[in-house]
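User: Hi! I'm new to this one. Could you walk me through it?

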Amino acid sequence: MQQRQLGPFKVGAIGLGCMNICHAYANALSEHQAERLLLGALDLGVTHFDTAALYGFGASERMVGNILSKYRSQFTLASKCGMQGVDKKGDGVLVRVIDGKAQTIKKTCEDALKRLKTDVIDLYYLHRWDKEVPIEDSVGALSDLVREGKIQTIGLSEVSSLTLRKACAVHPVAAVQTEYSLWTRNPEIELLSVCKELGVSFVAFSPVARGFLTGALNDVSNLGEKDIRRSMPRFSTENYKKNIELLSEYKNFATSRGITPAQVALGWLLNKGENILPIPGTQSLEHLRENCAAHSVQFTAQEMAELDILINHQNVSGHRYNEQSRSEVDTEDFV
Ligand SMILES: NC(=O)c1ccc[n+]([C@@H]2O[C@H](COP(=O)([O-])OP(=O)(O)OC[C@H]3O[C@@H](n4cnc5c(N)ncnc54)[C@H](OP(=O)(O)O)[C@@H]3O)[C@@H](O)[C@H]2O)c1
């Protein structure tokens, strides 16, 4: 696997998003299935694993800890705080809460270290900026955790370039993680150039557009009841029907290069900048193998320009998030 710099860490160019093992789209994997996937990832040269307190309300961190802690020295571990499950009514039902207060961040980190079975998290992101807490306070809490040796570096997720600059004034930021793919171009407005200017790595989440750019998701009416794509405007029956029309030329492009649509999506990201690291998520070892093989895809400037035109924020139908989720992010937006 070709290597890229993630903050101070050298990692495989393709990382693994570990949300999918127990959250978001399909039912959670069993521990046995997750073991096959995560150990398979290590075998394929994946050395960047991304999880969060939010995913499965701790279940993803727990699985990653149970399965990978034996191999801890072989990979870079990224996790996130600031958005997690909270038992608000005291009835044992956890609900998702954004909370960037210093004491919450520190408690979440303590819990994460136990779940992950490690002494230190290499890259610890603030999952969302809690707009009720100054970013300086949340980053200040993360910098305390660096001083205490509990985390090595700090990351931010779904932030604007202004918030990134404010955070960097408190403590160096190793990486920003935000949605980026052919159909989600928000980072191109300003964030990517600010990351470059400040020497911040850019981790692209949902790099195969939550399945859309793999060409394998043809019928959104089959999505499970709890699948989060059901709440995303681009995946509504009406919009998806239009979006899928964009795929025919895109698939032809892939075929003519002898690679798969998923590999085109990942290759496009890798060719967009040396500091960009995609973290596709999957439950399938076969898909993981296909995704990892994209590490060496190279496109000419002309091919990149062609792809830029084929699928972009202007010809896609529907917003990436619903109103609620849009109000929770801080990223620059085209709309
Ligand atoms: N910071 C944030 O706020 C945030 C938000 C979302 C995600 N993330 C991170 O980013 C990671 C990836 O994002 P994501 O899972 O939302 O989107 P994604 O990686 O773009 O897409 C995942 C979906 O695509 C399918 N897929 C992946 N590779 C495939 C292939 N080669 N062929 C066919 N289908 C394929 C997966 O299904 P199969 O399981 O069937 O392969 C899954 O349904 C997450 O795991 C998480 O770590 C972060």
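**A first look**

Analyst: In this predicted model, Q5 stands opposite K10 in strand β2. Residues are numbered from 1 along each chain as its sequence is written. Because this is a predicted model, local features need pLDDT of at least 70 and side-chain atom pairs count only at pLDDT 80 or more, while totals for chains, interfaces and linings use all residues.

User: How do β1 and β2 pair, and over how many bridges?
Analyst: They pair in the antiparallel sense over four bridges; two strands count as paired if DSSP finds at least two bridges between them. Strands (E, at least two residues) and helices (H or I, at least four) are DSSP runs, numbered from the N terminus. β1 and β2 form a hairpin with two residues between them, and G7 in the turn has a positive phi of about 55°.

User: Switching topic: what is the strand order in the open sheet?
Analyst: Eight strands run in the order β3-β4-β5-β8-β9-β10-β11-β12, with parallel pairing. The edge strands, β3 (16–17) and β12 (276–278), each pair on one side only.

User: What joins β5 to β8?
Analyst: Four bridges join β5 (residues 76–81) to β8 (residues 121–126). S79 stands opposite Y124 in β8.

User: What else does Y124 touch?
Analyst: Setting aside neighbours within four places in sequence, the contacts of Y124 include C81, C109, L142 and I151; contact means C-beta atoms, placed from the backbone, within 7 Å. Y124 is also among the residues with the most contacts inside the largest nonpolar core, which has 88 residues. Such a core is a set of buried Ala, Val, Leu, Ile, Met, Phe, Trp, Tyr and Cys residues joined through C-beta atoms within 7 Å.

User: Which helix gives the most to this core?
Analyst: Helix α9 (residues 261–272), with seven residues.

User: And the ligand: how many residues surround it, and which are the closest?
Analyst: There are 29, and the closest are G17, M19, F205, G281 and T282; a residue counts if its C-beta atom, placed from the backbone, lies within 6 Å of the molecule. Helix α10 (residues 285–292) gives the most to this shell, with three residues.

Notes
A residue is buried if 20 or more other C-beta atoms lie within 10 Å of its own, exposed if 12 or fewer, and partly exposed in between; C-beta atoms are placed from the backbone. Two residues are in contact if their C-beta atoms, placed from the backbone, lie within 7 Å.
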